[in-house]
Amino acid sequence: NEGFGAVTVEAMACGLPVVVTNLHLISEFQISDGVDGFIVYDRKVETLANKIEKALKEANNANSKFSINARNKVIDKFSSKVVDAQLYCLYKKVVSD
């Protein structure tokens, strides 16, 4: 069990559609269902197939709003600049306490 879906973020950084099941850190923290990825909440085969079909349609359009949203989310939340700033604040807080 992976605590943070690095593969999900890497795919989104490339503008690729992702489909995940509803796992705590990998689902809503990384993906907004139907906006920049797809989350299968009920784990039913039919739902999974439907979400994969939607993702495949999006994969054929690199300039889709979906791909742009996925890439922008990665830049805004997970880029090294953002993560480095968050780590700096955390380290600074730990040292000052």
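Select R43 to begin: the residue sits in the loop that joins β2 (38-40) to α2 (45-59). Its phi is near 60°, which is a positive value in a residue other than glycine. Is R43 buried or exposed? R43 counts as exposed because its relative accessibility is 55%, and the cut-off for exposed is over 50%. Keep in mind throughout that this is a predicted model.

**The whole chain**

Now zoom out and colour the chain by confidence. The mean pLDDT is 87, and 91% of the residues reach 70 or more. Where pLDDT is low, the predicted coordinates should not be read in detail. Among the elements, strand β1 (residues 19-21) has the lowest mean pLDDT, at 89. Helix α4 (residues 80-96) has the highest, at 93.

Switch to a cartoon view. There are four helices and two strands to find. Starting at the N terminus, their order is α-β-β-α-α-α. The C-alpha trace spans about 50 × 30 × 15 Å along its principal axes.

How many of the 97 residues, as a percentage, count as buried? The value is 28%. Colour the charged side chains as well: there are 12 positive and 12 negative ones, and the centres of the two sets lie 4 Å apart.

**Along helix α2**

Go back to α2 and select K57, which is found in this helix. K57 is exposed because its relative accessible area is 57%, against a cut-off of over 50%. Draw a distance from K57 to I31. The two residues are 26 apart along the chain, and their C-alpha atoms are separated by 18 Å.

In soluble globular proteins, nonpolar side chains tend to be buried together.

Within the set, pick V18 and show what surrounds it. Which residues does V18 touch, leaving out those up to four places away in sequence? They are T8, A11, M12, I31, D36, G37 and F38.

Select A13, which lies in helix α1. Its relative accessibility is 23%, so A13 counts as partly exposed; buried would need a value under 20%. Not counting residues up to four places away in sequence, A13 touches R71 and V74.

Step on to G15, in the loop between α1 and β1. G15 is buried, because its relative accessible area is 11% and the cut-off is under 20%. What is the C-alpha to C-alpha distance between G15 and S67? The distance is 4.3 Å, although the two residues are 52 apart in sequence. For the chain as a whole, take the contacts between residues at least 6 apart in sequence: 40% of them join residues at least 24 apart.

**Helix α3 and the last stop**

Finish on helix α3 (residues 65-78), where N72 lies. N72 counts as partly exposed because its relative accessibility is 37%, which falls between the cut-offs of 20% and 50%. From N72, draw a distance to V83. These residues are 11 apart in sequence, and their C-alpha atoms are 15 Å apart in space.

Note on methods
Residues numbered from 1 in each chain as written. Predicted model: local features only at pLDDT ≥ 70, side-chain atom pairs only at ≥ 80, totals over all residues. Heavy atoms only, no water. pLDDT = per-residue confidence, 0-100. Buried < 20%, exposed > 50% of the residue type's maximum accessible area, 1.4 Å probe, protein only. Contact = heavy atoms within 4.5 Å. Lys, Arg positive; Asp, Glu negative; His and termini not counted. Charge placed at Lys NZ, Arg CZ, Asp CG, Glu CD.
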